Amino acid sequence: MARNIVEYDDKREGSAVEHHLVLAASSALAVAALMAPTPQSAALRGIGAGLLLMRALSGSQGVRSWLQVRDRRARQPLSPEEARAAWYL
């Protein structure tokens with residue numbers, strides 16, 4: 001199911017500011033985590049900020065286009081050896 005969601009997200013055309021709004025929300029949540037009254041709420045806000053940051057950096061639009069990140073290959077999956085090497089870094 002997660003694979004289908006990721007593939008759908010890669011295929012659809014995103015809105016013009018979708019990733020930028022998510023980046024702003026991530027930054028706001030990170031600041032809120034620093035000002036949280038309890039360690040538990042700080043941890044939850046920090047986790048949320050990290051997840052939103054990953055969302056802002058993913059995809060072909062938005063922050064990724066600002067940084068001019070290009071795919072090294074045209075949508076080919078990693079070989080098992082490449083996948084293992086990536087996880088062992």
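**Surface patch**

I began at the surface, where V31, L34 and M35 form a nonpolar patch with about 370 Å² of accessible area together. I took a patch as residues with over 30% relative accessible area and no salt bridge, nonpolar side chains (Val, Leu, Ile, Met, Phe, Trp, Tyr) being joined within 5 Å and like charges within 9 Å. Accessible areas come from the Shrake-Rupley method with a 1.4 Å probe, and for residues only the protein chains shown count as cover.

I kept in mind that this is a predicted model, in which local features need pLDDT of at least 70 and side-chain atom pairs count only at pLDDT 80 or more, while totals for chains, interfaces and linings use all residues. Residues are numbered from 1 along each chain as its sequence is written, and side-chain values use heavy atoms, with hydrogens and water left out.

I placed M35 in the loop between α2 (18-34) and α3 (39-57), helices being DSSP runs of H or I with at least four residues and strands runs of E with at least two, numbered from the N terminus. M35 counts as exposed because its relative accessibility is 63%; buried means under 20%, exposed over 50%, and partly exposed in between (1.4 Å probe, protein chains only).

I then turned to L53 in helix α3, which counts as partly exposed at 34% relative accessibility. L53 and V22 lie 31 residues apart in sequence, yet 7.2 Å apart in space, C-alpha to C-alpha. Leaving aside neighbours within four places in sequence, L53 is in contact (heavy atoms within 4.5 Å) with L23 and S26.

I looked next at H19, found in helix α2, and noted that H19 counts as buried at 4% relative accessibility. The H19 side chain reaches the backbone oxygen of A56 at 3.3 Å.

**Salt bridge**

I found 1 salt bridge in the structure, which I took as a side-chain nitrogen of Lys or Arg within 4 Å of a carboxyl oxygen of Asp or Glu. The side chains of R55 and E18 meet in it at 2.8 Å, N to O, and the pair links distant parts of the chain, with R55 in helix α3 and E18 in helix α2, 37 residues apart. R55 counts as partly exposed at 24% relative accessibility, whereas E18 counts as buried at 17%.

**Whole chain**

Last, I recorded 5 helices and 0 strands, and buried residues making up 18% of the 89 residues.

Note on methods: A polar contact is a pair of N or O atoms within 3.5 Å; within protein, one must be able to donate a hydrogen and the other to accept it, and residues adjacent in sequence count only if both atoms are side-chain atoms.
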